[in-house]
Amino acid sequence: MKRRNFLKSTAVFVAGASVSVSALDFIDPKEILAANPELRWGFLVDTHKCVGCGFCVKACKIENDIPFEANVTRTWVERYVIKKDGDVVMDCPKGARDGYTTKLID
Amino acid sequence: MVEQVAQMIVHGEAWTVKDLFVLPNEYVYWSIQIVMYPYMTGLVAGAFVLSSLYHVFGVEKLKAIARYALVFSFALLPVAMMPLMLHLSQPFRGINVLMTPHFTSAISAFGIVFMTYACIVAVEIWFVYRKFIVESIHRLGKIQSRNFLEKILLPLYKVISLGSMDISDKALQADHKAVKIMAGIGIPVACFLHGYAGFIFGSVKANALWMTPLMPVIFICSAVVSGIALCIVSYYIFMEMRKWAAKRGKSWLLPDAMAHGNATMRVEELRSVQEHEVKISSKYLIIFMTLAITLEMLDMIFRGYTAVKSWDALRMVIYEHDFMKIFVYQYGIGNFLPFLMLLWPGLTTRRAVIASVLVLFGVFMMRWNVVIGGQAFSLTFAGFMEYQLPIIPHNFETFKEGLGGMLAVIVTPFIIFYFLNMIFPAFMSDDELH
Amino acid sequence: MKSHVWRPLYVVIAIVIGILLFRAFYVPSDFGAQERGYTFGYHRLSNEQEWKDYPAKYKGNDYCNECHDDKIEELESAHHATIPCENCHGAAFDHPDNPEKLAIDRSRELCIRCHSELIMPSSDRNDIPGIDPAEHNKGEECSECHNPHNPSLEDM
Ligand code: SF4
């Protein structure tokens, strides 16, 4: 499914995803729910917007009491690099807890 | 608080070796205890099927081993749950899964399946031993000064008898019929109990090695195989012990002698029973083995032929990473070698027993290859993980999920069986029982 | 038919009733997602309060704004507007009561999470000004030259 179509087909998502984070406050979840009783909430991440800073991983670990040094995370961010010859290299050091800071792939 | 949390162990980190691209959360979570779980349920189901061969299909020759297999299956039963409890990091939450059964999660049916089966085995044992129980109550009741054991046994028997003291011929006949019915219902339920273990694996869509509808059937066949093999081996060992005890007049060590004081059997008699039962059982072992091997081969060929997307990673695991374990240990030593040994003419008791030991090993390797092998490749299909069985424990976690926990699970049924034997003597001859 | 044969059945029935009774008292009555069939979801009405009482560690910019509105204002008029305070200042917990002071992370490691230059054509990372941490003023704290609340050097 194309990203456009996907967004169109989920009207509520468009409202949430296409505006900047601070504008999210304008949406009152209760109002939306009243208008669409069948609504089921989802979680949408625009991977283009992700810069690989890993703050989400760090915050998630702290928020959920996940041992910080242990190599486990509830959420993590993977990095995929598609080379010109079609090879795909990927890495995910420590689940990206400290972000992606080098060009070197693990 | 933060420091305390930081010291927490990561379940799986101690024994997982990662290779290439593996997701950060991926470890070999399902360790030796999850290998033991289908193995032990398999033994339970297999032992029950062996006993049913006599009770339902009337294979008279299996009479002696059938009663033994039934009691042993009951002793194995609580142990089927033990690996799961040992595996849980929060064992006290295990009850939640039993208390909230539903049909959208395979493991949630565990309580129902397990309890149904446990009830059936218990009821069958009750009918088989009812006459003995009633007689024991009379016998123990007559004794003036009871020793410690008899003091425990008498009220116990009174409770177990459920107050039915009728041992007229008519009542015994009803018992007999009931045994037959219970054993009849028991076979499908035993198969279900174990097919269910296979179902849990087979329904894991995310795991390429497990995802096959054949899984429950494969599990059932190898379960019956391993159950019969274990009965042969343990029956042989127990009979050896009894012979040893009979020869040296140390029968008082035996549990049924302790409790009932009459385990004085002659050595020759024991030997002939032992030989007879072991050989006949091994015949049935071959039948079920053929079935099990065929199915496993079929599964392998099917995967190779259809070669779905995950086959590349699977093939790597099957033919390279786990080649020794699958083809040498499981099929070679665990299947074909004992198969030949059993088919070779002039079968001796000892050869049958050695073959059965190999079969047990083979089935164990099969469980290992399914459970551990299934986790050998990362969900990314671009990396591998290797499980290293913790042998020397350095904390409780590595003990219970390592060699120590495994041995504990293996030893427990025998301990339970020893004490169960005081209540339901599995080795008494027919004149002593009904 | 009154026969001893049925006695085990009574025992089994008694056990089942016992388990059901225990279950009735052990499992919360609104457990499961009733309206969506025979499925169990995460959400259970009767333990909503339990979760509400569970303290959140990250409180969000609005919480910071209650006292530090001047800083927020400064931040929001500059390039780092989208970065939440707690990314650098650490999770608020019960600040200002506990901890009284938040430990600010001023390390280079923090900044290069975004500002180490990577080639990522399919990501907005490419639009962020980037440096090579191995070359760019090695060993110095970024904040010695750049004001984190208003990082552009021209504005300083
Ligand atoms: S790594 Fe996490 S916090 Fe950073 S941009 Fe990507 S999704 Fe957002």
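## Around the ligand

In this predicted model, the shell of residues around the ligand splits into 5 nonpolar, 2 polar and no charged. You can find them all on chain A: Cys50(A), Val51(A), Gly52(A), Cys53(A), Gly54(A), Cys56(A) and Val77(A).

Val77(A) turns up again elsewhere. It belongs to a nonpolar core of 9 residues, which also includes Ala96(A), Tyr100(A) and Phe21(B).

## Chain A at a glance

How many helices and strands does chain A have? Its secondary structure comes to 4 helices and 2 strands. Read from the N terminus, the order is α-α-α-α-β-β.

Chain A has 106 residues, and 26% of them count as buried. Now take the contacts in chain A between residues at least 6 apart in sequence: 31% of these join residues at least 24 apart.

## Helix H4 of chain A and its partners

Helix H4 of chain A covers residues 55-63, and its buried residues are Phe55(A), Val57(A), Lys58(A), Ala59(A), Cys60(A) and Lys61(A). What do these buried residues pack against? Look across to chain C: they pack against helix H5 (86-89) and helix H6 (108-115) there.

Just after H4(A) comes a backbone detail to look for, as Asp65(A) takes a positive phi of about 55°.

## The loop between H5 and H6 of chain C

The loop that links H5 and H6 in chain C is worth a slow look. Pro96(C) sits in it, and a cis peptide bond joins His95(C) to Pro96(C), with omega at about 10°. Pro99(C) is in this loop too; the bond between Asn98(C) and Pro99(C) is also cis, with an omega of about 5°. As background, most residues other than glycine have a negative phi, and most peptide bonds are trans.

Is Phe93(C) buried or partly exposed? It counts as partly exposed, because its relative accessibility is 37% and buried means under 20%. Arg106(C) lies in the loop as well. In sequence, Arg106(C) and Ser143(C) are 37 residues apart, yet their C-alpha atoms are 6.9 Å apart in space. Leaving out residues up to four places away in sequence, Arg106(C) touches Glu141(C) and Ser143(C).

## After H6 of chain C

Further along, in the segment after H6 of chain C, you reach Asn137(C). Asn137(C) has a positive phi too, near 40°. With a relative accessible area of 41%, Asn137(C) is partly exposed.

## The largest nonpolar core

Over in chain B, you can pick out Tyr68(B), Tyr117(B), Tyr129(B), Leu285(B), Phe364(B) and Phe417(B), the residues with the most contacts inside the largest nonpolar core, which has 132 residues. Which element gives the largest share of this core? That is helix H5 of chain B (residues 110-142), with 17 residues. In soluble globular proteins, nonpolar side chains tend to be buried together.

## The second largest pocket

The second largest pocket has a volume of about 1300 Å³. It is lined by 33 residues, and the closest to its centre are Leu88(B), Gln90(B), Arg93(B), Gly94(B) and Val97(B). The elements giving two or more residues to this lining are helices H2 (32-55), H3 (63-87), H4 (94-99) and H7 (169-202) of chain B.

The largest share of the lining, 5 residues, comes from H4(B). By type, the lining residues divide into 22 nonpolar, 10 polar and 1 charged.

Methods:
Residues are numbered from 1 along each chain as its sequence is written. Chains are lettered from A and ligands numbered from 1 in the order in which they are written. This is a predicted model: local features need pLDDT of at least 70, side-chain atom pairs count only at pLDDT 80 or more; totals for chains, interfaces and linings use all residues. Side-chain values use heavy atoms; hydrogens and water are left out. On a 1 Å grid over the protein atoms alone, a cavity is a set of points where a 1.4 Å probe fits but cannot get out, and a pocket is an open set with protein on both sides within 12 Å along at least five of seven lines; lining residues have an atom within 4 Å of a point. Grid points are joined across faces, edges and corners, and a volume is the space filled by probe spheres set on the points. Ala, Val, Leu, Ile, Met, Phe, Trp, Tyr, Cys and Pro count as nonpolar, Asp, Glu, Lys and Arg as charged, and the others, Gly among them, as polar. A residue is near a molecule or strand if one of its heavy atoms lies within 4 Å of it. Buried means under 20% relative accessible area, exposed over 50%, partly exposed in between (1.4 Å probe, protein chains only). Contact means heavy atoms within 4.5 Å. A nonpolar core is a set of buried Ala, Val, Leu, Ile, Met, Phe, Trp, Tyr and Cys residues joined through side-chain atoms within 4.5 Å.
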